[in-house]
Amino acid sequence: MKKINNDGTFYLNPYLGGVILGTVLLLSFYISGRGLGASGAVKNSVAATVNAVAPQHVERSAYYSQFAGGDKKPMSNWLVFEVLGVLAGAFLSGIIFNRLKIKVEHSPKITERRRLLFALGGGLIFGFGSQLARGCTSGAALSGMAVLSLGGYITMIAIFGTAFGAAWLFRKNWI
Amino acid sequence: MIGPIISSGIISSAWDNLFAILLGMGFGFALEASGFSSSRKIIGTFFGYDFVVVKVFFTAAIVASLGLLYLNYLGLIDYSLLYIQPTFLTSAIVGGVVMGIGFAMAGFCPGTSLCAAAVGRIDGLVFFGGMFIGVFLFSEAFPLFENLYYSGSQGSPMINSVFGISPELFTFILVLAAVGMFVGASWVQKKVKKVEY
Amino acid sequence: MERKYTILTILLVVLALGLVVLPKNKERKEIDPKVLLDGVVERSRYLSVDQVTHRIIENDPTLLLVDVRPADQFKTFALPGAINLHPDSLLSQSGTDLLGQPGKDKVLYGNSDLIAEKAWLVCTRYSVNRLYIMKGGMNEWFNTIIKVKPATGTPSTTDLDLISFRNAARQFFVGDGEPATVTTTPIQKEKVPVIRKAPSASTGGGC
């Protein structure tokens with residue numbers, strides 16, 4: 001095995017990474033019967049915030065009232081804890097492989113400001129889409145694929161298919 | 001022990017949140033260590049210079065599917081207690097397309113943006129902030145999208161039943177397709193000019 | 001480098017092929033009689049005809065109606081979306097495939113509770129989850145939904161709501177017709193708004 005160069009450019013072999021990720025996903029199903037996710041935690045946090053500011057609004061809303069208001073506690077949700085774990089796990093990996101550094105990563109051809117604007121816009125659009133499709137790449141696509149859910153496969157194809165086309169539109173931002 | 005061990009009540013659900021943190025840590029570690037904290041590495045898939053996303057994503061899906069089917073075969077997991085995402089055809093497609101655009105714009109998905117934020121990438125943090133706005137806008141505008149949200153309801157079908165084959169056979173075909181994809185991806189990656197990032 | 005991947009690929013394909021060629025587990029798991037007894041005593045397996053009707057009208061994707069009456073009766077009339085499964089074939093391949101579907105609430109009904117109860121017992125013994133009985137079967141359903149009883153005396157608001165729901169449901173199933181008279185209420189013709197809700201997930205989750 002060759003020596004790991006510790007300048008922040010070492011990544012796991014992608015297949016090994018995939019096996020680790022798949023095993024974690026399998027354990028998640030084995031232990032608690034559900035897959036991994038990320039956007040659900042955002043949904044719960046938003047609902048919790050709105051619930052704190054305007055509880056009546058939550059009661060009236062057809063969307064929030066599904067998971068907030070009344071005696072439901074959106075912040076003590078499984079996914080929120082899981083997302084805190086994701087932050088910790090990624091931080092740990094950042095320490096081990098020496099990648100901790102505060103910076104804005106962007107192609108040398110674009111400005112930092114442009115990159116941040118696109119990140120914000122992309123996040124907004126992604127957040128919106130994830131609610132419509134009831135989950136994101138991890139919750140709907142990856143976890144859905146693991147249990148052979150039809151919806152998971154459809155969402156996965158829609159995300160990657162569109163991204164291939166759309167990436168070409170935004171290619172000036174990347175290459 | 002027949003899993004899922006929490007839903008079937010073998011251990012108390014109070015442990016659920018502790019496991020959530022541990023599983024999340026594994027998830028975050030696997031993503032970050034594979035390089036998903038870098039948006040330029042992720043987006044490489046769409047320009048053909050780095051297929052790490054395809055490799056990690058499909059390897060994980062195969063390992064988990066195979067693992068679940070083996071556990072089911074050995075009687076170690078009760079498949080009917082697993083959470084299977086309900087399928088709403090129209091909203092899954094429209095939502096997926098919307099997410100695809102966001103993905104190409106920012107180079108992140110929610111999980112990877114968290115990893116990027118955890119190792120100090122400001123763009124990851126900004127993406128995650130943007131998601132809050134997007135979710136908030138959707139929730140406020142929900143009455144406009146309510147019909148779309150509930151349209152195309154199919155129950156919770158499994159993809160193999162659409163083709164009329166067993167889950168095992170479907171997974172076998174999936175493995176062959178994935179291997180083909182990995183070989184193709186490596187081939188394309190050799191042809192495409194390397195992009196420094 | 002390449003050899004490593006070839007070996008891994010072969011390993012993966014063999015593992016996947018193993019699943020396909022492994023003989024199916026023939027023996028069924030039987031649950032502990034004590035657990036079964038608990039289930040028999042517990043009344044949560046019953047769904048009222050109103051609950052089932054609600055879910056039919058809402059087009060609830062998690063609902064799977066299983067009709068255990070003889071085929072000719074099933075052909076004459078059955079609840080919308082119901083699947084006919086004769087008690088003979090409960091433990092056949094098609095029966096176990098039907099009842100083994102994850103993510104569905106299987107609701108058994110016959111003409112009365114008699115056959116449905118027995119089918120419930122047999123299937124529960126072989127570890128079929130999320131199995132329910134429509135209390136009273138088709139007879140009860142007809143008497144409640146199709147022949148709506150007019151309210152007697154001074155009914156409470158909940159009774160009135162229930163009756164107008166049943167009237168609306170009746171129109172849903174048999175088309176227009178004289179709604180059963182509810183003498184004390186002016187809102188009898190108002191259609192009850194059916195509130196659609198997302199199917200509740202057993203363990204929550206998603207993304």
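This is a predicted model: local features need pLDDT of at least 70, side-chain atom pairs count only at pLDDT 80 or more; totals for chains, interfaces and linings use all residues.
Leaving aside its neighbours within four places in sequence, which residues is B:Ser91 in contact with?

**View 1**
Residues are numbered from 1 along each chain as its sequence is written, chains are lettered from A and ligands numbered from 1 in the order in which they are written, and side-chain values use heavy atoms, with hydrogens and water left out. Apart from neighbours within four places in sequence, B:Ser91 is in contact with A:Leu132, A:Ala133 and A:Arg134 of chain A, and with B:Gly96, B:Leu148, B:Tyr149 and B:Ser151 of chain B, where contact means heavy atoms within 4.5 Å. B:Ser91 has a relative accessible area of 1% and therefore counts as buried (buried means under 20% relative accessible area, exposed over 50% and partly exposed in between, with a 1.4 Å probe and protein chains only).

**View 2. The interface of chain B and chain A.**
Chain B brings 121 residues to this contact, and chain A brings 115 residues. The area buried between the two chains is about 10700 Å², and carbon and sulfur atoms give 76% of it (buried area is the accessible area, with a 1.4 Å probe, that two parts lose on being put together, summed over both). Within chain B, the residues that lose the most area to chain A are B:Phe27, B:Met99 and B:Met105, which together make up 8% of what that side buries. Helix 4 (residues 89–106) of chain B gives the most to the side of chain B that touches chain A, with 17 residues.

**View 3. Salt bridges between chain A and chain B.**
Four salt bridges are found across the interface of chain B and chain A, a salt bridge being a side-chain nitrogen of Lys or Arg within 4 Å of a carboxyl oxygen of Asp or Glu. One joins the side chains of A:Arg115 and B:Asp123, at 3.0 Å from N to O. The side chains of A:Arg99 and B:Glu32 also meet in a salt bridge, at 2.9 Å from N to O. This pair crosses between chains, from A:Arg99 in the loop between helix 4 and helix 5 (112–132) of chain A to B:Glu32 in helix 1 of chain B. Both A:Arg99 and B:Glu32 are buried.

**View 4. Helix 1 of chain B and what it packs against.**
Helix 1 (residues 16–33) of chain B has 18 residues, which at 1.5 Å a residue should span 26 Å, and its end C-alpha atoms are 25 Å apart, which agrees (the expected span is 1.5 Å times one less than the number of residues). Its buried residues include B:Phe19, B:Leu23, B:Phe27 and B:Leu31. The buried residues of this helix pack against helix 1 (14–32), helix 4 (78–96) and helix 6 (137–146) of chain A, together with helix 5 (110–118) of chain B. Just after the helix, B:Gly35 takes a positive phi of about 100°.

**View 5. Helix 6 of chain A and its cover.**
Chain A has seven helices and zero strands, and 61% of its 175 residues count as buried. Helix 6 of chain A is mostly covered, since ten of its ten residues are buried, including A:Leu142 and A:Met145. The cover includes helix 1, helix 5 and helix 7 (150–169) of chain A, together with helix 1, helix 3 (52–73) and helix 5 of chain B. Helix 6 of chain A is followed by A:Leu148, whose phi is positive, near 60°.

**View 6. Salt bridges within chain B and within chain C.**
In chain B, the closest N and O atoms of B:Lys41 and B:Asp50 are 3.0 Å apart in a salt bridge, and both residues are buried. In chain C, C:Asp60 forms a salt bridge with C:Arg55, with the closest N and O atoms 3.0 Å apart. Salt bridges that share partners join C:Arg55, C:Asp60, C:Asp105 and C:Arg130 into one network.

Notes:
Helices (H or I, at least four residues) and strands (E, at least two) are DSSP runs, numbered from the N terminus.
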